[in-house]
Amino acid sequence: MPLTLADVVDLLERRYPPGTAEDWDAVGLVAGDPAAPVRKVLLAVDPTEEVVAEALEWGADLLVTHHPLYLRGTSTVAATTPKGRMIHALLTGGCGLYVAHTNADAASDGVAQALADTLGLVGTRPLVPLDGAALDTLVTFVPREHTQSLLDALADAGAGRLGEYERAAFTSPGTGTFRPLAGAQPAIGQVGTVEAVAEDRLEIVLPRERRTAVLAALQAAHPYEEPAFTLVAQPTQPAVTGTGRVGELPAPVTLQAFAEQVATVLPATPQGIRVGGDLDAEVRTVAVCGGAGDSLLEVARRSGADVYLTADLRHHPASEHLAGGRPFLVDATHWASEWPWLPRAAEGLRTDAASRGARLDLRVSTLVTDPWTLRLAQPHSQQHS
């Protein structure tokens, strides 16, 4: 049986969790029936009319793009508008549309990491790391014969999940002691009598947003009338995901040599590659950000980078930044700096589908969707008044 659109969305969102997208972003399923079968998926940077036509001509069941079709929302999908025409064409052709934008930028194997890997950077880390998950540690004590059933209940409520592992916990044996007072209804022992019970100390981590559910599960599943527990909030640590990447070249090179490498490994566009800085200066530490990245110029400087590769650099921010020294600037086009993610995303989706016993036919669009179609070089000797 083929995967459904809902199945493919689940695979995508495991790799690119929507919760890591910026607040202003619009990610997720834009068009399509979640129950529809999906056999062919086209991946592209931009949802343009040319890309939609490519998807439909190939017979794609799903188009996955990096950039949203409706970033700022809309009140119409009428075919009298360019975006409305695309929606009509996709639905008529039986092709869904899914967007992974800033959540794909930040992912551990997403846009930023693909760009860093394309350059051969090593020892990479996020330029702007996301906060790690807010976690609590629950410690409780339970009669030994009830340890496994309580652990199951806590895990069902969302505790004990660490990366790709679930029901992760630690137990250690000991002896619990107590004396029930008048009015108590003890599960073990008698009112007024000191009891000693073979117990396990159970420790388990839980996401902070699951705190209420996990504590409710503790109360419901624990055999004691008043289970003893401690809940400790763990300090939030930086995550391994986030915007941009910083890493090292295998060996130092000149700025010009680095820029020439960028021009070689990124897909060609009419604009080409722009460079700002001393072309003969040696560079090794590189910061990258796919897409428009001039908002991170100061962050790139604080990272200790020698050169910063991004796209869509504007005149005044770039000029003012270079006046302060390193990092030097290498400016690619928006599309070219994000395209290297597409083959990686396609391979990941293919692998994930195979793990479920299904086959997906994946294709990466090579249509250049940067808006510029021609660059005219001007003689440097030309003078302007």
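# A briefing on salt bridges, a sheet and aromatic pairs

R167 and D152 form a salt bridge, with their closest N and O atoms 2.7 Å apart; the term means a side-chain nitrogen of Lys or Arg within 4 Å of a carboxyl oxygen of Asp or Glu. This is a predicted model, where local features need pLDDT of at least 70 and side-chain atom pairs count only at pLDDT 80 or more, while totals for chains, interfaces and linings use all residues. Residues are numbered from 1 along each chain as its sequence is written, and side-chain values use heavy atoms, leaving out hydrogens and water.

**Salt bridges**

- R167 sits in the loop between α6 (147–156) and β9 (169–178), and D152 in helix α6, 15 residues apart; here helices (H or I, at least four residues) and strands (E, at least two) are DSSP runs, numbered from the N terminus.
- R167 counts as partly exposed at 33% relative accessibility, and D152 is partly exposed at 36%. Buried means under 20% relative accessible area, exposed over 50%, and partly exposed in between (1.4 Å probe, protein chains only).
- Salt bridges that share partners join D10, R14 and R356 into one network.
- Across the whole structure, the search finds 16 salt bridges.
- One of them joins the side chains of R15 and D352 (2.6 Å, N to O).
- R15 is partly exposed at 31% relative accessibility, whereas D352 is buried at 16%.
- The side chains of R211 and D136 also meet in a salt bridge (2.7 Å, N to O). R211 lies in helix α7 (residues 211–221) and D136 in strand β8 (residues 135–143), so the pair ties together parts that are 75 residues apart in sequence.
- D136 is buried at 0% relative accessibility, and R211 is partly exposed at 30%.

**The sheet and its helices**

- An open sheet is formed by six strands in the order β7-β12-β14-β15-β16-β13, with mixed pairing; two strands pair if DSSP finds at least two bridges between them.
- At the edges are β7 (122–131) and β13 (274–276), each pairing on one side only.
- β13 pairs with strand β16 (residues 328–332) in the antiparallel sense over three bridges, and V275 stands opposite V330 in β16.
- Helix α5 (residues 111–118) packs on the sheet and touches β7, β12 (238–254), β14 (282–292) and β15 (307–311), with its direction at about 145° to that of β14. Axes are lines fitted to C-alpha atoms, for helices over the stretch in contact, and angles run from 0 to 180 degrees between N-to-C directions.

**Aromatic pairs**

- The whole structure holds three aromatic pairs; rings of Phe, Tyr and Trp (its six-membered ring) pair if their centres lie within 6.5 Å, and planes under 30 degrees apart count as stacked, over 60 as edge-to-face and the rest as tilted.
- Y16 and W341 have ring centres 5.5 Å apart and planes at 80°, so the pair is edge-to-face. Y16 and W341 are both buried.
- W335 and W339 have ring centres 6.5 Å apart and planes at 45°, so this pair is tilted. Both W335 and W339 are buried.

Definitions and conventions. Contact = heavy atoms within 4.5 Å.
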